[in-house]
Amino acid sequence: MFVDQVSVYVKAGDGGNGLVAYRREKYVPKGGPAGGDAGNGADIIFEVDEGLNTLMDFRYNRQFKGKRGENGMSKNQHGKNATSLIIPVPPGTTVIDEETDEVIADLTTHEQQAVIVKGGRGGRGNSRFATPRNPAPDMAENGEPGQEKNIKVELKLLADVGLVGFPSVGKSTFISVVSAAKPKIADYHFTTLAPNLGVVDTSDQRSFVMADLPGLIEGAHEGVGLGHRFLRHIERTRVIVHVVDMAKIEERDPYDDYVKINQELKEYDPKLMDRPQIIAANKMDMPGAEENLQDFKEQLGEDLPIYKISALTKEGLRDILFAIADTLDEIPKVATEIQPTEEKVVYRYQVEDAPFQISRDPDGAFVLSGEKIEKLFKMTDFARDEAVQRFSRQLRGMGVDEELRKRGANDGDTIRLLDFEFEFIE
């Protein structure tokens with residue numbers, strides 16, 4: 001089964017918890033803090049595996065969670081970082097954040113990697129909080145929560161040549177006789193329900209990858225027929241081959257078919273009109289095909305390469321394959337819209353969210369929310385008084401107390417943060 005679009009939930013590993021411990025050795029009184037830092041949580045990384053050509057592995061496994069970092073240990077021993085979770089994906093995979101529609105990664109080359117979500121930092125042990133005023137702190141940090149996202153994973157096939165045309169014009173037959181691909185072939189519409197890839201070898205030792213895309217019909221860009229579900233696969237092809245039924249088996253006008261397919265491609269992405277196009281006039285072994293081809297040429301008017309073929313009898317295939325190979329030799333190996341493969345670090349400015357927000361529940365309680373304040377809350381060990389006092393100082397430093405007073409909070413009012421409640425004390 002061919003799968004080219006899935007929604008996936010990914011959650012990187014949380015950082016481990018720092019440790020509160022003290023050095024205890026014979027003849028060493030008051031040995032001091034010795035709690036170690038914890039390890040970082042596992043990142044989730046997508047890596048290109050050129051052996052894959054579908055997102056089938058995501059069909060039944062749509063949740064990926066990274067491992068948690070190891071907790072800190074005594075004697076200032078650092079916990080182990082969790083090993084990154086590496087998920088293989090086929091070349092041509094694009095990862096998009098479902099919430100923001102931002103493209104997180106565009107993976108095209110073998111073994112290319114992209115960190116999709118980053119694991120949380122390990123919490124610090126109590127020895128890291130020692131100061132001259134407090135040489136034996138009784139607190140440590142919990143681990144930072146790992147990032148989590150709902151992402152959309154899309155596959156855009158990396159083929160050199162894309163076959164387009166109305167259903168039943170002979171695209172599947174064409175690719176089956178010029179390559180080792182074995183698509184399902186039958187005399188009804190939409191026999192092909194998924195793109196087929198085939199490697200074509202010409203007799204002069206040149207080769208290229210050809211993709212047979214399921215039949216397009218008028219209105220495909222608006223979802224008619226199989227819709228634009230498979231049109232994305234043509235975005236990265238370097239040459240478009242129009243397969244046109246010159247025998248009028250279904251009594252459609254060949255020129256009309258050609259214009260409608262081009263219109264659908266233009267509606268989907270106007271840049272596709274800049275791609276080199278080759279017209280494969282198919283079914284030339286049928287009666288009346290020559291006359292229809294002459295009419296087609298007169299109506300076309302443009303100087304586009306047209307090759308007479310019969311996929312059934314294999315006539316004319318050698319010439320069109322040489323023409324495709326020659327065209328591919330003349331254009332860049334990598335399409336212009338694909339990012340250069342040399343490593344670059346791209347820094348994007350991101351507007352920082354407000355550290356906290358205050359709202360009211362129906363019962364009058366004040367509710368605190370926000371990514372930063374929630375992260376601080378999760379990294380605080382509320383079983384230890386010193387950690388609670390530190391959290392209070394952090395809230396004060398962020399201006400939470402002052403903002404609550406402005407909103408009318410009084411002594412004894414209830415403050416909620418996630419599942420916990422606090423009491424506001426002046």
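In this predicted model, the axes of helix 5 (residues 371-378) and helix 6 (residues 385-398) come within 10 Å of each other and cross at roughly 165°. Axes here are lines fitted to C-alpha atoms, for helices over the stretch in contact, with angles running from 0 to 180 degrees between N-to-C directions. Helix 5 is therefore roughly antiparallel to helix 6, a label given to angles over 145 degrees, whereas those under 35 count as roughly parallel, 65 to 115 as roughly perpendicular and the rest as oblique. The crossing of helix 5 with helix 6 is right-handed, that is, the near helix is turned clockwise from the far one by less than a right angle. On the helix 5 side, Lys372, Ile373, Leu376 and Phe377 meet Phe391, Gln394, Leu395 and Met398 of helix 6, where contact means heavy atoms within 4.5 Å. The residues of this contact divide into 6 nonpolar, 1 polar and 1 charged; Ala, Val, Leu, Ile, Met, Phe, Trp, Tyr, Cys and Pro count as nonpolar, Asp, Glu, Lys and Arg as charged, and the others, Gly among them, as polar.

These helices belong to a protein chain with 7 helices and 18 strands, taken as DSSP runs numbered from the N terminus (helices H or I, at least four residues; strands E, at least two). Residues are numbered from 1 along each chain as its sequence is written; local features need pLDDT of at least 70 and side-chain atom pairs pLDDT 80 or more, while totals for chains, interfaces and linings use all residues. Side-chain values use heavy atoms, with hydrogens and water left out.

Strand 1 (residues 5-11) and strand 8 (residues 148-155) run antiparallel and are joined by 7 bridges. Along this pair, Tyr9 stands opposite Asn150, and Lys11 has Glu148 as its bridge partner. Strand 8 is also joined to strand 5 (residues 93-97), by 5 bridges and again in antiparallel fashion, with Thr93 opposite Leu155.

The loops hold some details worth a look. Most residues other than glycine have a negative phi. Tyr27, in the loop between strand 1 and strand 2 (44-48), has a positive phi near 70°. Lys75, in the loop between strand 3 (63-65) and strand 4 (85-89), has a positive phi of about 60°. Tyr27 is exposed, with a relative accessible area of 72%, and Lys75 is exposed at 70%; exposed means over 50% relative accessible area, buried under 20% and partly exposed in between (1.4 Å probe, protein chains only).

Glu141, in the loop between strand 7 (113-117) and strand 8, is buried at 5% relative accessibility. Leaving aside residues up to four places away in sequence, Glu141 touches Asn17, Gly18, Arg121, Gly123, Arg124, Phe129, Met379 and Arg390. Across the protein chain, buried residues make up 45% of the 426 residues. Among contacts with a separation of 6 or more, 72% are between residues 24 or more positions apart.

How values were computed: Two strands pair if DSSP finds at least two bridges between them.
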